[in-house]
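Good morning, everyone. Please put the sequence and the structure up on the screen.

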Amino acid sequence: MDLVLLEKTLLGLFAAIIVAIVVSKLRGKKFKLPPGPIPVPIFGNWLQVGDDLNHRNLTDYAKKFGEIFLLRMGQRNLVVVSSPELAKDVLHTQGVEFGSRTRNVVFDIFTGKGQDMVFTVYGEHWRKMRRIMTVPFFTNKVVQQYRHGWEAEVARVVEDVKKNPESSTNGIVLRRRLQLMMYNNMYRIMFDYRFESEDDPLFNKLKALNGERSRLAQSFEYNYGDFIPILRPFLRGYLKICKEVKERRLQLFKDHFVDERKKLASATSMDSNSLKCAIDHILEAQQKGEINEDNVLYIVENINVAAIETTLWSIEWGIAELVNHPQVQRKLRQEIDTVLGPGVQVTEPDTHKLPYLQAVVKETLRLRMAVPLLVPHMNLNEAKLGGYDIPAESKILVNAWWLANNPENWRKPEEFRPERFLEEESKVDANGNDFRYLPFGVGRRSCPGIILALPILAITLGHLVQNFELLPPPGQSKIDTAEKGGQFSLQILKHSTIVLKPRSL
Ligand code: HEM
């Protein structure tokens, strides 16, 4: 390491210790902070709690410190909320106060310091972005315009699986094919575009860059530089890679999709009757001067991360649970056969007539919540919560997974039992009508994509179950459902091989 840098770092460290001690003394007098482990100067609680602040570890801290607790992660305050009442306070009652987002050094790069929608603070820019994105993405009209496309995409998955003899013998990693399906489901909406096959070079380039972006952003590797600013120089290499990935990714969105669509639009001189895809609406907003070209690209960026992977993880979890619970799978198949008749393929309107299918989707989202801590919230100004003072710009995590898996609130929550949503929890919906169950959040910053995600999940799981018997590979009785947590994501660790035996109808 360069000596000047080392000297500067040590000096900085010394100065920061003094400042931290003085500040903590002053703050100690002024604030009634939530409980939590005792912090040390500079590092706060970071050395005690480590990097992996996943939903399960945070649940353990909640059991120790209570339904609201504070962790000092270097310079950053992290407040974790673990009861339905406090979740209501954060997301609903004080939705404006806690409606901003924290970013960190890495998210700052990927979102151009909040020029997007998902990671921007609560205010004028967010309101404008959410308004502009609503008509092209988040209405029932969009569902009706694209549901035939989603049905066709999963029908193609079924066809491809049937063509592959491996799938009914040794099994295949179905996720790969489903990933193509999810890209097509969303790229149809965004650009009226679909990728022909898993070998499509553009698809592979896009998938690789999106994968890198997710890995770099969700990793815990960069925490040290984010929590302790004087260590940031050591993060230079990491941040450089983030910048490169971000540039290449936005360029790819622009060159291959946005500009192509612009050309097409000017060549065909679209009138108001032609069916527009989402980007046509977004470009109109740009032409009117409501947003700039960067905002357009960040909208594409947001959909790539917020929509595709989250839904894919949930589909993957749903399949894993169905493989491991053959009785649930049989019951679901029977419902579809009985209601629709054997061989009649599930459509979006059908999903409303299939309560057990809906319950399977809900139960998957409960037990295997893809975004278990929601997207971190933040209070721009000092605030009060649960009788405590919350310093300005604290990161607020709502442990939504624990709210939906706490045995004090649910009967045998560790069991995958869709029946609960037809029996004792029949009034609970995924839209946040019950603060114990918030897979999409609730309130101002809740997930607007719920309107697309729920039908896509139901159509996909429905088609797979009605066309195949889903089984673990030969010699295994179950597939591995170990979890992999990120900064705020929950994926299945292993993309398991599964056997798909076609049903003879
Ligand atoms: C199963 C699939 C999905 C799950 C579990 C999920 C979950 C979530 C959660 C928990 C949040 C944060 C809520 C909060 O912080 O309070 C969120 C935000 C968001 N989601 Fe989703 N989501 C899914 C699919 C989608 C889809 C398909 C789209 C778009 C087409 C989408 C777009 C967004 C956007 C734009 C936000 C940010 C909202 C804001 O900050 O105002 N999501 N999602």
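**Cavities and contacts**

The second largest cavity holds about 250 Å³ of space. A cavity here is a set of points, on a 1 Å grid over the protein atoms alone, where a 1.4 Å probe fits but cannot get out. Its volume is the space filled by probe spheres set on the points, with grid points joined across faces, edges and corners.

Before going on, a word on the source. This is a predicted model, where local features need pLDDT of at least 70, side-chain atom pairs count only at pLDDT 80 or more, and totals for chains, interfaces and linings use all residues. Residues are numbered from 1 along each chain as its sequence is written, and side-chain values use heavy atoms, with hydrogens and water left out.

Back to that cavity. Its lining has 20 residues; lining residues have an atom within 4 Å of a point. Nearest the centre of the second largest cavity are N104, D226, F227, K395 and Q487. At least two lining residues each come from β2 (76-81), α10 (223-227) and β6 (395-398). Helices (H or I, at least four residues) and strands (E, at least two) are DSSP runs, numbered from the N terminus. By class, this lining has ten nonpolar, five polar and five charged residues. Ala, Val, Leu, Ile, Met, Phe, Trp, Tyr, Cys and Pro count as nonpolar, Asp, Glu, Lys and Arg as charged, and the others, Gly among them, as polar.

How many cavities of 30 Å³ or more does the structure hold? Three. The largest cavity has about 860 Å³ of space. It is lined by 47 residues, and A306, T310, V371, V375 and C447 are the closest to its centre. Which element gives the most to this lining? It is α13, with ten residues. The lining of the largest cavity divides into 31 nonpolar, eleven polar and five charged residues.

Now two single residues. R249 is in helix α11 (residues 236-268). R249 counts as buried because its relative accessibility is 1%. Buried means under 20% relative accessible area, exposed over 50%, partly exposed in between (1.4 Å probe, protein chains only). The side chain of R249 makes a polar contact of 2.4 Å with the side chain of E301. A polar contact is a pair of N or O atoms within 3.5 Å; within protein, one must be able to donate a hydrogen and the other to accept it, and residues adjacent in sequence count only if both atoms are side-chain atoms.

H495 sits in the loop between β9 (490-492) and β10 (499-502).

Last, salt bridges. The whole structure has 40 of them. A salt bridge is a side-chain nitrogen of Lys or Arg within 4 Å of a carboxyl oxygen of Asp or Glu. E483 pairs with R368, with the closest N and O atoms 3.3 Å apart. This pair links distant parts of the chain, 115 residues apart: E483 is in strand β8 (residues 483-485), R368 in the loop between α16 (355-367) and β3 (377-378). E483 is partly exposed, at 21%, whereas R368 is buried, at 9%. Finally, salt bridges that share partners join R411, E415, R417, E423 and E424 into one network.

Notes: On a 1 Å grid over the protein atoms alone, a cavity is a set of points where a 1.4 Å probe fits but cannot get out, and a pocket is an open set with protein on both sides within 12 Å along at least five of seven lines; lining residues have an atom within 4 Å of a point.
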